[in-house]
Amino acid sequence: MFELSSETRVSELQAESQAMMKTLKKTGIFRDGDDPNVTIAELCYSFGLHPKILLMPLARALATEAPTDIDVSELNGMTLTQIVENIESKHHAYLREMMPVSLELLNRVLNAHGANDPRLAELHELFRNMTEELENHMLHEEEALFPMCRDMEIDGKITPTRCGEAVGGPIACMENDHDRAREQLAQLSTLTDNFAVPNYACMTYRNMIEQLKLFNQDMVVHIHKENEVLFPGAVKKQTALRKGLLKKA
Ligand SMILES: [Fe+2]
Ligand SMILES: [Fe+2]
């Protein structure tokens, strides 16, 4: 598994992640044609910088990078309305059912094992925060972007919502939320040693890890469907509507 540190070479970043390379180049301290065998520490010190200054944005870029191997072919040929329904019925419904159950499992595991493993308190707080933020996030999607998608297909126009009457506003908010969720998922994986079950784990602990692992898998697919299929589809539909290319259904 890739581990980012001050001893990581630029060539390793190159091989691992386009997002990290993009972030690195934005800083201006590494340009095309520079020696990629240099380590992050060497690169930073040559500019009088502490490596931490670069490691933080690189870690963020890595955590929020879109995975490339997610299969969302089930959405092929679907209309925007059908995609929205797929997301609501498969992912929003799943989250609303699993989050309170998993939070209760985390409560019980924290009470039973928290004294021996301080990371459980961090895990509990992280998941509780994710629960609150995802509830708000889903509501935001269901009250703004999703109705806009349906409106465009059914009425050929958008009825203004609390986010205005263009899809760009809510999409920008949702993408920010998704970046944050990806960072939180990376923390979730770190705090559970990539969803490993410790030797001393009781049934509740095992169940908790299993639920968190499924949660992580589902979130990756959920975000991918929205970022890579729904959002571009909504922008395309809106552009076509504005150009008058679509007739009212
Ligand atoms: Fe969603
Ligand atoms: Fe979302």
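Mentor: The centres of domain 1 and domain 2, taken over C-alpha atoms, are separated by 30 Å. This is a predicted model, in which local features need pLDDT of at least 70 and side-chain atom pairs count only at pLDDT 80 or more, while totals for chains, interfaces and linings use all residues. Residues are numbered from 1 along each chain as its sequence is written, and chains are lettered from A and ligands numbered from 1 in the order in which they are written.

Trainee: Where do the two domains run in the chain?
Mentor: Domain 1 covers 10–64 and domain 2 covers 77–242, with bounds that come from an automatic or database domain assignment.

Trainee: And how many helices and strands are there?
Mentor: The chain has eight helices and zero strands, where helices (H or I, at least four residues) and strands (E, at least two) are DSSP runs numbered from the N terminus.

Trainee: Which residues have the most contacts inside the largest nonpolar core?
Mentor: They are Leu106, Val109, Met208 and Met219, in a core of 19 residues. Such a core is a set of buried Ala, Val, Leu, Ile, Met, Phe, Trp, Tyr and Cys residues joined through C-beta atoms within 7 Å; buried requires 20 or more other C-beta atoms within 10 Å of a residue's own, exposed is 12 or fewer, partly exposed lies in between, and C-beta atoms are placed from the backbone. The elements giving two or more residues to this core are α5 (80–113), α6 (119–154), α7 (168–191) and α8 (203–242).

Trainee: What does Met208 touch?
Mentor: Leaving out residues up to four places away in sequence, Met208 touches Ser102, Leu105, Leu106 and Val109, a contact being two C-beta atoms, placed from the backbone, within 7 Å.

Trainee: Switching to α7, which residues are buried there?
Mentor: In α7 the buried residues are Pro170, Ile171, Met174, His178, Ala181, Arg182, Leu185 and Leu188, and their cover includes α4 (51–64), α6 and α8. Just after α7, Asp193 takes a positive phi of about 50°.

Trainee: What span should α7 have?
Mentor: Its 24 residues should span 34 Å at 1.5 Å a residue, and the end C-alpha atoms are 35 Å apart, which agrees; the expected span is 1.5 Å times one less than the number of residues.
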